Amino acid sequence: MADASASTGQSQRKSFFQTLELDTRLLGMIGAFAVVCIMFNLLTDGRFLTPRNIFNLTIQTVSVAIMATGMVFVIVTRHIDLSVGSLLATCSAMMAMAQTQVLPGMGFELNSPIIAPIAILVGVLTGAIVGAFQGYIIGYLGVPAFIVTLGGLLVWRNVAWYLTTGQTIGPLNDTFTLLGGISGTMGELGSWILGVIAVVAAGFAIVSARRARIRHEFPVKPMWAEFALMLVAAVLILGFVWILNSYDVPSRVLAQRFEASGTTMPEGYTEGYGVPYSVLLLIAVAVVMTIVARRTRLGRYIFATGGNPDAAELSGINTRLLTVKVFAIMGVLCALAGLVASARLSFHSNDIGTLDELRVIAAAVIGGTALSGGMGTIYGAILGALIMQSLQSGMAMVGVDAPFQNIVVGAVLVLAVLVDIIYRKRTGAA
Amino acid sequence: MVDRSGTPLVEMKDISISFGGIRAVDHVSIDLYPGEVVGLLGHNGAGKSTLIKCLSGAYRQDAGEIFVNGEKVSIENPRDARDHNIETIYQTLALADNLDAASNLFLGRELTTPLGFVDDAAMEAETRKIFQRLNPNFRKFAAPVSALSGGQRQSVAIARAVYFQAKILIMDEPTAALGPQETRMVAELIQELKRQGLGIFLIDHDVHQVKELCDRAAVMKNGELIGVVDVDQVSTDDLLAMIIAGKKPEHLAA
């Protein structure tokens, strides 16, 4: 193994990216994403890469992206979950019914402060229980995941229908709808604070990883590479915050807000939206799921089981229980996605989450999750969701006919997997 | 010579196990003493792997008892086996191909930080230490084990057993996929482990290798134990006769 920390210049033969120890697949995906964005930006005369559209793109992606992180675990363990869209609907229906019918029936007003937490808890428990139940049938009773969740696709869609008698349920609790996107943002100052915290956290993570390697006398990257990484991270994080902050709240909305508080709006006053709470939720989910994947035994067992189920079993890992856990996590994430989706609409509709299972699976697969198991990353899945959403809304902006939109998305899915297979063959990774 | 006067490390008594009406192991009894290597010989399907899987926890015997250090134990799963310091190196090399050597070595028994997170740096450091002893030329610590050669993969499996201080080691055709030099490495390792007082069950097809490495050989045929013989008292032809014809050599037959 070449020594990356060599001060004598031995490392000059390694490429720039190798020295940075960046994942070249990730770079490829970012490159593809950038190409998509620039292409649509040219086709729409610069309307695609405006703060407004980036803001919308971000909040449209959240629901699918949250579920895609869970789908990574499901696919890594060599399973599939076709029921996520339907389970999202059931969780959303439970949350909507809890806040509009059940809790008001117990004497709480719709906008009472305890409604949102209870409704969210109901949704998350529903997701966890349904997910664990499906996982039990798969892990302990041995019915293939494809069949169990294909059944679930029908069952949970119609459980949602039954719960709401097919009606649209709304309006929802005000606190609850804060998680929908544009209806709840952190504002400019809050967003900058969040950005600075994220930059500090990224810097701390890089430094502590380096310290751990030095403590065990492993080779480390040259200092300039560490600094370059930190700089890139800081630019990306703060740039993202800056863009979301540049999307101004319409002056009409601001004027109403000032009126409501009994003051008049100063002349020329503007305010940006900042980071939506739903995006904050996605970031939190991504961080937690990444930590689970990389730093916990659960994550290690998920990847080991995906790589070689027999080896995992013989190493004393309870792979059946692991299946239950993976599907329970997926269920919880469906509930969170349902929360964001219904909050964004500010009501629960009967067709919420329809076809989301396909978008979620496509996002995970485009993000580099191998259906043969054992491989996949959380950030890849989120990036996959973002690429899918960009294609879809970009084509809508350009005015591509609806059938062609779906044809392109379908073709891109197959093409992405093909490119990934070729890439893996070239680099010799299995 | 192996001292067989004390308590045996392992005693498997009257083990039987059937699969769908076929008796894969039929009332077999076998024992193993500290510092001893017992070879298990037989054709494919003779029942040697099945017998040993009752000890490693992969199968559960239908009838019979297992004693470790004289105490009756119940081995329900691989975790129970590990708790009794029984480690197994499988023919199929039970490694997760997508993980690196350290992750595989510690699979199921990860080192964790005080906060409960897996401590990859510490595990890699321990892995480097143990490989310093077992296979000093090994360098691919960061690569997934799918990128390793057969011998390197085997050394990961063996390192796992050695690191966790196995007292009883089960090796299922450890050299089947290896070249001559790697086979020699494994043979030397077996001698070294034997000196340290481990008991080893070695499942193998190769009669010559069994004669060279083992103290005793147990021969099975059609699920039954033909006999257990001291390898120094039999020729390879005798062993072959036992495997093929299922007959104990005449000079040993009681």
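Guide: Contact here means heavy atoms within 4.5 Å. The model is predicted.

Visitor: What covers the buried residues of α5(B)?
Guide: Helix α5 of chain B spans residues 150-163. Twelve of its 14 residues are buried, leaving α5(B) mostly covered. The cover comes from chain B and includes α2 (78-83), β6 (86-89), α3 (101-105), α4 (120-134), β7 (168-172) and α6 (180-195).

Visitor: How far does helix α5 of chain B reach from its first C-alpha to its last?
Guide: The helix has 14 residues. At 1.5 Å a residue, 20 Å is expected. The reach in the model is close to that, at 20 Å.

Visitor: Which residue follows α5(B), and is its phi positive or negative?
Guide: Buried residues of α5(B) include Ala161(B) and Val162(B). The residue that follows the helix has a phi near 50°. That phi is positive, and the residue is Gln165(B).

Visitor: Are α15(A) and α16(A) oblique or parallel to each other?
Guide: Helix α15 (residues 356-366) and helix α16 (residues 378-398), both of chain A, pack at about 120°. Their axes are 7 Å apart. Angles of 65 to 115 degrees count as roughly perpendicular, and only those over 145 as roughly antiparallel. The pair is therefore oblique.

Visitor: In which crossing, right-handed or left-handed, does α15(A) pass α16(A)?
Guide: The contact involves residues such as Ala363(A) of α15(A) and Met388(A) of α16(A). Its residues divide into eight nonpolar, three polar and one charged. The crossing is right-handed.

Visitor: Is α3(A) roughly perpendicular or roughly parallel to α9(A)?
Guide: Helix α3 (residues 51-76) and helix α9 (residues 223-246) of chain A have axes that come within 8 Å. They cross at roughly 110°. The range 65 to 115 degrees applies, which makes α3(A), relative to α9(A), roughly perpendicular.

Visitor: How many charged residues has the contact of α3(A) with α9(A)?
Guide: From α3(A) come Pro51(A), Ile54(A), Phe55(A) and Thr58(A). From α9(A) come Phe240(A), Ile243(A), Leu244(A) and Ser246(A). By class there are six nonpolar and two polar residues, and the charged count is none.

Visitor: What is the relative accessible area of Val102(A)?
Guide: Val102(A) is found in helix α4 (residues 84-105) of chain A. Buried needs under 20% and exposed needs over 50%. Val102(A) is partly exposed, because its value is 47%.

Visitor: How far apart in space are Val102(A) and Val200(A)?
Guide: In sequence, Val102(A) and Val200(A) are 98 residues apart. In space, C-alpha to C-alpha, the distance is 44 Å.

Definitions and conventions:
Residues are numbered from 1 along each chain as its sequence is written. Chains are lettered from A and ligands numbered from 1 in the order in which they are written. This is a predicted model: local features need pLDDT of at least 70, side-chain atom pairs count only at pLDDT 80 or more; totals for chains, interfaces and linings use all residues. Side-chain values use heavy atoms; hydrogens and water are left out. Axes are lines fitted to C-alpha atoms, for helices over the stretch in contact, and angles run from 0 to 180 degrees between N-to-C directions. Helices (H or I, at least four residues) and strands (E, at least two) are DSSP runs, numbered from the N terminus. Angles under 35 degrees count as roughly parallel, over 145 as roughly antiparallel, 65 to 115 as roughly perpendicular and the rest as oblique. A crossing is left-handed if the near helix is turned anticlockwise from the far one by less than a right angle, and right-handed if clockwise. Ala, Val, Leu, Ile, Met, Phe, Trp, Tyr, Cys and Pro count as nonpolar, Asp, Glu, Lys and Arg as charged, and the others, Gly among them, as polar. The expected span of a helix is 1.5 Å times one less than its number of residues. Buried means under 20% relative accessible area, exposed over 50%, partly exposed in between (1.4 Å probe, protein chains only).
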